[in-house]
Amino acid sequence: MTDTRFLNHLRDTLAGIEADGLMKRERLIEGGQGARVRVAGREMLNLCANNYLGLADDARLVHAAKAAMDSHGYGMASVRFICGTQDLHRQLEQRIASYLGMEDSILFAACFDANGGLFEPLLGEADAIVSDSLNHASIIDGVRLCKAKRYRFANNDMVDLEVQLATAVKDGARFIMIATDGVFSMDGTLANLPMIAALAEKYGALTMVDDCHATGFMGPQGRGTPFHAGVKVDVLTGTLGKALGGALGGYIAGPQPMIDLLRQRARPYLFSNALPPAVVGAALAALDIVEAADDLRAQLFHNAAYWRAGLEAIGFRLLPGEHPIVPVMLGDAPLAQAFARALDARGVMVSAFFYPVVPHGQARIRTQMNAALSTDDLDFALAAFEAAGREVRAIR
C-alpha cells in the first residue's frame, strides 16, 4: 500500500498549484479536431490547436489512414530493429528527407522523443552544445541527457550567441552544435537563422533547428524556417502532429552518417514501438497535400494578419510577429484563466498559458490561426474577445 505521507505530500502540492491559480485542466472534445469542435454538448470555435492547415479532420487523410490499416494492419507490436519496420516507414522517411532537402530522416514516436534522442549519440564530453534560452522542453531534456558541455544564449540574441560560441572554442570544444527552435512556440517569433548560420560558419559549428511550428506552412512549399530564411542547416527535427495532419510522430532529418548512427544508438528510437501504419500512411498523404497547398498557406496567413489587426484595434497587447501564433499578453495567471473562462462562456475555446510554461509575469492567451477558419469565424471570435476582455478588465 502506498505510503499515506507520500500521498498527502502530493495532495498538498496539488493544493498549492490550485491556490496559486496555476492548475491546468483538460476539456473533452466530442468528435474530431477542427476549426469548430463540440465540448460538453456545445459547439466551440477552436483557437488553440496546432492544426495550422486544417488537415486534422481532412477526409483524404482519414481515407489514407484506413487504407494503410487495410494493407498493413493496426500496429507493429515491436520496435523498429527487431521486426517493426515496414516499407511504409522507409517510404515516409525518404519522403520527409526529400521534402526538407536532406539526405535521410528517421522516425520517432514524437518530436519530444526525437529531440530527446538526438544529442547523446552524436556528441560527447569533448563537445559543446550552445542552446537558445527559450528552446522547447524537449531540447532542454535532450541536452541534459548528453555529456557535451552546455552553453546557453539569451533568446534570439546574436551577440550573446557569438560570445558563447567564442567561449566554447576557447574551452577547446571538438565539435559545437547550435540548437534552436525555428519558431518559439509561446511567442510566435522566428529564430534569426541567417545570423545563426553565419555565426555557425564563422566558428565551425553545426546547426540544429526544431521546426515543429513551421513545417508545412513556413517557406516555399511549406518546407520550414530554413527555406523561409534562405539558409542551410545541418539537422532538422519536426513533427507529424501539427500541420502535417495532427496525429503523432516526430523525425530527425540530416546527413546520412548522422541518421545511420541515430538508428544504432538513439534510445527513444531503439526502445519504442514503430509508428502505426495508419499514422504513416496518412502522413505520406499529408506531405503530398501540403507540398501543393499554396492556397491553404495563403488563407492561413491572411487569417493571421486579419486576426492580429482586429485584436490590436480592440486594444489588446500582442507580441509582434508574422507567425500564425498570436499571443494575447495579460501578465497575470489568474487573469488569463478568468479570461479563458469568459471566452469559453461565449463559445470560443482558448488556453491560458502561465508559469511554468511561460515565465512568471508573462501569462497569456496563445491564439493560433488555421486555414479552416472563415472571416465570419474570426469576426465572431473578435466580438467575444472584446466582450470577455471588458468583463474581466483585460482591456478598458
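Reply: Helices (H or I, at least four residues) and strands (E, at least two) are DSSP runs, numbered from the N terminus. This is a predicted model, where local features need pLDDT of at least 70, side-chain atom pairs count only at pLDDT 80 or more, and totals for chains, interfaces and linings use all residues. Residues are numbered from 1 along each chain as its sequence is written, and side-chain values use heavy atoms, with hydrogens and water left out.

Me: Okay. What's the strand order in the antiparallel open sheet of three strands?

Reply: That order is 12-15-14. Strand 12 (325-331) and strand 14 (352-353) are the edge strands, each pairing on one side only.

Me: How many bridges join strand 12 to strand 15?

Reply: Six, and strand 15 covers residues 363-368. Ile325 stands opposite Gln368 in strand 15, and Gly331 has Ala363 as its bridge partner there.

Me: Is strand 12 enclosed or open to the outside?

Reply: Strand 12 is largely enclosed by the rest of the structure, because six of its seven residues are buried. Buried means under 20% relative accessible area, exposed over 50%, and partly exposed in between (1.4 Å probe, protein chains only).

Me: And which helix lies across strand 12, strand 14 and strand 15?

Reply: Helix 14, residues 333-345, and it runs at about 40 degrees to strand 15. For angles like that, axes are lines fitted to C-alpha atoms, for helices over the stretch in contact, and the angles run from 0 to 180 degrees between N-to-C directions.

Me: Switching topic: what order does the sheet with mixed pairing have?

Reply: It's an open sheet of three strands in the order 1-2-13. Its edge strands, strand 1 (36-39) and strand 13 (348-349), each pair on one side only. Strand 2 (residues 42-46) pairs with strand 13 in the parallel sense over two bridges, with Leu45 standing opposite Val348 in strand 13.

Me: What about strand 11, how many of its residues are buried?

Reply: Five of five, so to speak: strand 11 (residues 250-254) is mostly covered.

Me: Which way do they point?

Reply: Gly250, Ile252 and Gly254 point one way, while Tyr251 and Ala253 point the other way, and all are buried. In a regular strand the side chains alternate between the two faces of the sheet.

Me: Which strands run antiparallel to strand 11?

Reply: Strand 3 (residues 104-108) pairs with strand 11 in the antiparallel sense over five bridges, and Leu107 stands opposite Tyr251. Strand 10 (residues 235-239) also runs antiparallel to strand 11, joined to it by four bridges.

Me: Staying with strand 3, is Ser105 buried or exposed?

Reply: Ser105 is in strand 3 and counts as buried, at 0% relative accessibility. Not counting residues up to four places away in sequence, Ser105 touches Arg90, Glu93, Ile96, Ala97, Ile252, Ala253, Ile259 and Arg263. Contact means heavy atoms within 4.5 Å.

Me: Where is Glu93, then?

Reply: Glu93 is in helix 4 (residues 87-100), and at 0% relative accessibility it counts as buried. Leaving aside neighbours within four places in sequence, its contacts include Arg80, Ser105 and Arg263.

Me: So what's the story with Arg80?

Reply: Arg80 is found in helix 3 (residues 80-84). Arg80 counts as buried, at 8% relative accessibility. Not counting residues up to four places away in sequence, Arg80 touches several residues, among them His89, Glu93, Leu107 and Tyr269.

Me: Last one: why are helix 7 and helix 8 called roughly parallel?

Reply: The axes of helix 7 (residues 158-170) and helix 8 (residues 193-203) come within 11 Å and cross at roughly 20 degrees. The pair is therefore roughly parallel: angles under 35 degrees count that way, over 145 as roughly antiparallel, 65 to 115 as roughly perpendicular and the rest as oblique.

Me: Which residues meet there?

Reply: From helix 7, Met158, Leu161, Glu162, Leu165, Ala166 and Val169 meet Met195, Ile196, Leu199, Lys202 and Tyr203 in helix 8. The contact has nine nonpolar, no polar and two charged residues. Here Ala, Val, Leu, Ile, Met, Phe, Trp, Tyr, Cys and Pro count as nonpolar, Asp, Glu, Lys and Arg as charged, and the others, Gly among them, as polar.

How values were computed
Two strands pair if DSSP finds at least two bridges between them.
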